Every structure is written in structure tokens, then in C-alpha cells.
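Subject: Structure for your review

Dear colleague,

Please find below the structure I promised to hand over.

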Amino acid sequence: MRSAATRGTGMTALVQHPEARVIRLQLRQNLILRHLNLAQWGELEPLLEIMDYPKGETLEHQGDWSMEQYFILEGILKRVVSDAHGKEMILRFAPESDIDTSYAAWRLKTPIPYSIRAVTKVRAARLSMQQWVDFLERHDALKSTFELEIMKLMSEVMAHTITLHLLDAPGRVQRFMRKHCDLADRLPKKELALYLNLSPETLSRLKRRGKI
């Protein structure tokens, strides 16, 4: 199995990237990094690598021990969990200004329980989980903010899983539109149908009826 360090293409340190100025502006819109002060930016930036991933690329494999922290600059990532027979379930989508992470698994000292993949072409800033954890340990307020976001993220994943069992197909679509309407036109129909546990045909039918 490849390590996380070899995935993606065009790995460049942020401080050496030809688009560093634009990338810095994108990073400052991130839901976690927007809380950094100037001194913290100066400490973090040398640790960040900028990676470009093609559509469908796996950034982290379910069962991996090598873990990274990702700050999404462009495109959409997804978390996917697979059973022993290869059946997949999408747990969440994460677009620009969001994150994906294996922080909980790192803290629990367990392999990552899901895969992280690119739904579209993705550009992300990343650093190893060890580097990110070390950085958080030096900044208590940021650590508290980050861990709160992780709890919100996990709560949303659980709510989505429960929704698949409790709501009918129109209800699942309506909940998605209420919470993630900005993603509706950006996600491939097959991806959105899998997330909602629907067939693409059912999703198309609901779309024609004005449910999405």
C-alpha cells in the first residue's frame, strides 16, 4: 500500500508555490485556519504542502496508519466507508474552506476507519497528523476550536446515518437541500444518489418533481 506522502501530483511546499499568494488567501477562509494569528501563520506555513489530486484519487485508505490533515482549497472530498464485500457508503462531502482529517483515529491510536477520496479535481494543503497535533499542542485555544469542529463533524455524520434509516427518499433529499443546497449542482448524480442511498433513477425522478 502506498503511503500518504506519495499520493496526488504536483506536491509543492506552500512557501515555494508559484501561486502562494492566492493560496494564502484561500487558506485564510478555512473554517479552522481563519482563527490563526500572524505568529501562528508564520509557524504553520512552512509545514504546509500543496497537493493536486485528480478526480477519484484516494487520499487516505480505510485501514491506513499513515494519516494526514487536509485543508481544502479547491474541489470536493468525500469520506467513504466500505464493508468486507466492497459495498460503500458515503459519510460526508467536504468542499472548499472545509477540512478532512483522521484526527480522531490518531488520538485513539487506531487505523483510519474510512477512506478519503476526491469527488472532483481537488487542491488541498496538507501536513502530517504528527505535525498538526504538535502544532495544536502549542496553541490551546486553536486546539479547542479544532476539536469542537471535529465533534460537530462527527455529529453530522451520525445524523446523516440515522436519516438514511428514518426518512423516506423525498425526506432525505429535502434534508440534503436544506443543509447542503450549495453542493446540489456540483456533485455527480451517482455520488449524490449513493450518499442518499437512492438509485440514480430515483434521484432523477425526484429532481423532475422539484424535490431537488
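A charge is taken to sit over a ring if NZ of Lys or CZ of Arg is within 6 Å of the ring centre and within 35 degrees of the ring normal. Arg28 and Trp41 provide such a case: the charged end of Arg28 sits over the ring of Trp41, 4.0 Å from its centre. Please note that this is a predicted model.

A search of the whole structure finds 6 aromatic pairs. In one of them, the ring centres of Tyr103 and Phe146 are 4.9 Å apart and the planes stand at 85°, so the pair is edge-to-face. Tyr103 belongs to helix 3 (residues 103-108) and Phe146 to helix 5, so this pair ties together parts that are 43 residues apart in sequence. Both Tyr103 and Phe146 are buried. Phe146 also pairs with Trp132: the ring centres are 5.3 Å apart and the planes are at 80°, so this pair is edge-to-face. Since Trp132 lies in helix 4 (residues 129-137) and Phe146 in helix 5, the pair ties together parts that are 14 residues apart in sequence. Trp132 is buried, as is Phe146. One aromatic cluster is formed by Phe71, Tyr103, Trp132, Phe135 and Phe146.

Helix 5 and the surface

Helix 5 has 27 residues and spans 39 Å from its first C-alpha to its last, close to the 39 Å expected at 1.5 Å a residue. Its buried residues include Phe146, Glu149, His160 and Leu164. Leu167 is found in the loop between helix 5 (140-166) and helix 6 (169-180), and its relative accessible area of 35% makes Leu167 partly exposed.

Salt bridges

The structure holds 18 salt bridges. One of them joins Arg117 and Glu88, whose closest N and O atoms are 2.9 Å apart. This pair links distant parts of the chain, with Arg117 in strand 8 (residues 115-118) and Glu88 in strand 6 (residues 88-94), 29 residues apart. Arg117 is buried at a relative accessible area of 18%, whereas Glu88 is partly exposed at 27%.

Lys179 forms a salt bridge with Glu156, with the closest N and O atoms 3.8 Å apart. Lys179 lies in helix 6 and Glu156 in helix 5, so the pair ties together parts that are 23 residues apart in sequence.

With kind regards

How values were computed:
Residues are numbered from 1 along each chain as its sequence is written. This is a predicted model: local features need pLDDT of at least 70, side-chain atom pairs count only at pLDDT 80 or more; totals for chains, interfaces and linings use all residues. Side-chain values use heavy atoms; hydrogens and water are left out. Helices (H or I, at least four residues) and strands (E, at least two) are DSSP runs, numbered from the N terminus. Buried means under 20% relative accessible area, exposed over 50%, partly exposed in between (1.4 Å probe, protein chains only). Rings of Phe, Tyr and Trp (its six-membered ring) pair if their centres lie within 6.5 Å; planes under 30 degrees apart count as stacked, over 60 as edge-to-face and the rest as tilted. The expected span of a helix is 1.5 Å times one less than its number of residues. A salt bridge is a side-chain nitrogen of Lys or Arg within 4 Å of a carboxyl oxygen of Asp or Glu.
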